[in-house]
Structures are given as structure tokens and as C-alpha cells.
Amino acid sequence: MTVDRRPGDLRPYEVDLRRRNNETMRHRTELPAAIHVDVTTNGQLPGIDGYVQEKIGGLSRLAHRPVLHARVRLSRHADPAMAQPVAAQANLDVNGRLVRAQVQGETAREAVDRLEARLRHRLERVAELWEAKRGNTSQADLHEWRAQFEPAHRPSYFPRPSEQRRIIRRKSFTLGARTVDEAAQEMELLDYDFHLFTEKGTGQASVLYRTEAGGYRLAQVKPVPEDLAPYELPLTISSQPAPRLTLGRAKERLSLLGLPFLFFVDVAQGRAGVLYHRYDGHYGLIWPAG
């Protein structure tokens with residue numbers, strides 16, 4: 001038996017094939033264009049701007065939300081003793097959510113390549129978080145996301161002699177009230193080793209940080225574990241209150257103990273802060289605003 005077909009008629013499989021082709025073409029035309037990246041350099045890094053634009057600008061196609069702004073800062077340390085003298089840091093504003101990454105490399109291009117890889121991972125995490133909020137992720141999957149953060153491979157800091165170290169950067173910002181889970185998510189997306197925040201249940205300035213074993217630990221000005229807001233992240237809690245120190249004594253303790261950072265209460269100001277090692281061997285200092 002034969003079926004008469006007019007010239008414009010299509011068999012069912014041909015209709016399905018054409019529909020899929022049309023959807024593919026529409027998806028391609030809807031892909032966001034590469035965005036402009038603001039690049040700041042410090043040191044001799046000739047010709048790196050174009051490479052940053054090529055590698056980082058194209059990441060907007062992987063984002064599930066519009067990338068409103070992108071900024072990359074590269075710095076070359078002048079000391080030839082550093083094995084990886086180029087530091088690269090990126091900040092992406094993905095529809096109002098900040099996504100951050102920082103790496104080091106032997107060359108500027110190596111640092112940018114590592115930065116791209118790390119940002120790709122961050123953008124995947126953002127997509128998972130948004131899917132969870134839309135209800136497309138089960139509670140089990142969300143718990144797994146919270147518990148299996150990317151292991152930290154943070155840039156090591158230059159072993160500058162303690163007598164040469166200075167506080168190069170001071171940063172003050174308003175501490176948002178967060179649960180431990182929320183703080184951990186922010187810490188992952190912002191690529192931090194530690195996160196200073198106000199714990200929602202206790203209302204206290206607190207620091208969440210990664211341990212050497214890969215777990216998470218919480219320190220507070222005055223630990224009150226039973227008053228913490230509900231959380232699911234596997235966590236240990238320090239029973240020691242934050243030490244009360246002058247800034248000078250905090251620097252001495254950080255140097256003597258060989259810690260990457262120190263959470264303390266400044267006796268002169270009566271507020272908690274974090275003193276930490278920068279990649280160049282100097283110090284950074286973070287305070288709550290107000």
C-alpha cells in the first residue's frame with residue numbers, strides 16, 4: 001500500500017528531526033555573547049589583557065544567569081624566590097550573586113588558565129544552588145552539595161621575615177546574619193579559606209573555616225553551640241572563645257603559631273576581626289563595619 005504525499009509533506013521522523021534542529025539553532029542564537037572583562041595588572045605582564053578576555057570573557061556562556069560584570073586582577077611578585085610569582089583574582093557578578101576565585105601560577109598565562117578552571121567549577125556550583133532553590137533538586141542532593149565542597153588548594157603565602165611584615169590591606173564590611181550552611185555556601189562561591197559572618201542563631205561574630213583534614217570548624221567570640229541556628233553541614237565547633245588581644249599581640253601570635261589567620265577580639269575597639277597572611281607575605285585585616 002502506498003500513500004500519496006504532496007511535495008511539502010514530511011514523514012513523522014522528518015518532522016521530529018526538523019523540530020530538534022530548529023531548537024538547537026534557537027538555543028545557539030540565545031547563548032550570551034562573551035562579556036567584557038575589566039583587567040587590572042600590577043607588575044610586568046605584557047599582552048595578558050587579551051588572553052584574559054578570551055579565557056574569562058567566554059565563561060558567561062556557562063552561567064545560568066546574566067553575568068553583569070567581570071573583573072580580573074593580576075599581580076606579579078617581584079621576589080625571584082617565589083615559585084609561583086603571579087597571583088590572579090576574579091570577581092564575577094552573576095545576576096547579583098558574587099562568584100570569586102583566586103589562584104597562583106608560574107606565568108601569567110598559567111595563572112589565567114587556572115583561574116578559568118576554578119571559575120568554571122564555581123559557576124557549576126551556582127547553577128546547582130539555583131536549581132535547588134527552584135525545587136528541582138532533592139533534599140538529599142542539596143545535602144550532598146553542602147557536604148562535598150571542593151577541597152581547598154589555596155595560594156601559599158611568601159615566607160617573608162616577620163620583622164618585614166606590614167598590614168597592607170584593611171577591609172571593613174557589614175556582617176550578614178547567616179546559618180552555618182549559608183556561610184559555607186558563600187565561602188565556597190567566594191573561594192575563601194575562612195568566612196567571617198554573624199551566626200543567625202546566636203547573633204555572634206563567627207568564623208567558619210576549613211581544617212587541614214578537609215572538614216569544617218566554627219569559632220565564635222563566646223561559643224554557644226546549643227543556640228546555633230539549625231544546620232546540616234558536618235562541623236566541629238571550637239570550645240575556646242576568641243582571644244582578646246591588641247593588634248600588635250595578634251600579629252605576634254599569628255607569626256609564632258604559624259597560623260594562616262587569627263580570629264580575635266581587639267581590646268582597643270572591642271570588636272572581633274580576622275588577621276590573615278596575604279600571598280605576598282604581608283598581612284590583611286578584616287573588621288565588621290560599625
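Threonine 198 stands opposite alanine 205 of strand 8. This pair belongs to a predicted model, in which local features need pLDDT of at least 70 and side-chain atom pairs count only at pLDDT 80 or more, while totals for chains, interfaces and linings use all residues. Residues are numbered from 1 along each chain as its sequence is written, and side-chain values use heavy atoms, with hydrogens and water left out. Helices (H or I, at least four residues) and strands (E, at least two) are DSSP runs numbered from the N terminus, and two strands pair if DSSP finds at least two bridges between them.

**Pairing of strand 7**

- Strand 7 and strand 8 (residues 205–210) are antiparallel partners, joined over five bridges.
- Their hairpin has five residues between the strands, and glycine 203 takes a positive phi near 70° there.
- Strand 6 (residues 177–178) pairs with strand 7 in the parallel sense over two bridges, and arginine 178 stands opposite glutamate 199.
- From strand 6 the chain passes through helix 5 (residues 180–189) to strand 7 in a right-handed β-α-β crossover; right-handed means that, with the strands pointing away from the viewer, the path from the first strand over the helix to the second runs clockwise.
- Six of the six residues of strand 7 are buried, so this strand is largely enclosed by the rest of the structure. Buried means under 20% relative accessible area, with exposed over 50% and partly exposed in between (1.4 Å probe, protein chains only).

**Glutamate 199**

- Glutamate 199 is part of strand 7 (residues 194–199) and is buried, at a relative accessible area of 0%.
- A polar atom of the glutamate 199 side chain lies 2.9 Å from the backbone nitrogen of glycine 201.
- Beyond the residues up to four places away in sequence, glutamate 199 touches Arg178, Gln204, Ser206, Gln220, Asp227, Leu228 and Ala229; contact means heavy atoms within 4.5 Å.
- Threonine 179 is 20 residues from glutamate 199 along the chain, and their C-alpha atoms are separated by 5.7 Å.

- Four strands make up an open sheet with mixed pairing, in the order 1-2-3-4.
- Strand 1 (38–42) and strand 4 (97–105) are at the edges with a single partner strand each, so one side of each has no neighbour in the sheet.
- From one strand to the next, the twist averages 10°; axes are lines fitted to C-alpha atoms, for helices over the stretch in contact, and angles run from 0 to 180 degrees between N-to-C directions.
- Strand 2 (residues 67–76) and strand 3 (residues 86–94) form an antiparallel pair over nine bridges, with leucine 74 opposite alanine 88 of strand 3.

**Serine 60**

- Serine 60 is located in the loop between helix 2 (48–57) and strand 2.
- Serine 60 is buried, with a relative accessible area of 4%.
- The serine 60 side chain reaches the backbone oxygen of glycine 57 at 3.3 Å.

**The chain as a whole**

- The secondary structure comprises six helices and 14 strands.
- Of the 290 residues of the chain, 41% count as buried.
- Among contacts in the chain with a separation of 6 or more, 49% are between residues 24 or more positions apart.
- The accessible surface of the chain is about 16,200 Å², and 49% of this belongs to carbon and sulfur atoms; accessible areas come from the Shrake-Rupley method with a 1.4 Å probe, and for residues only the protein chains shown count as cover.

Key. Polar contact = N/O pair within 3.5 Å; in protein donor to acceptor, adjacent residues only side chain to side chain.
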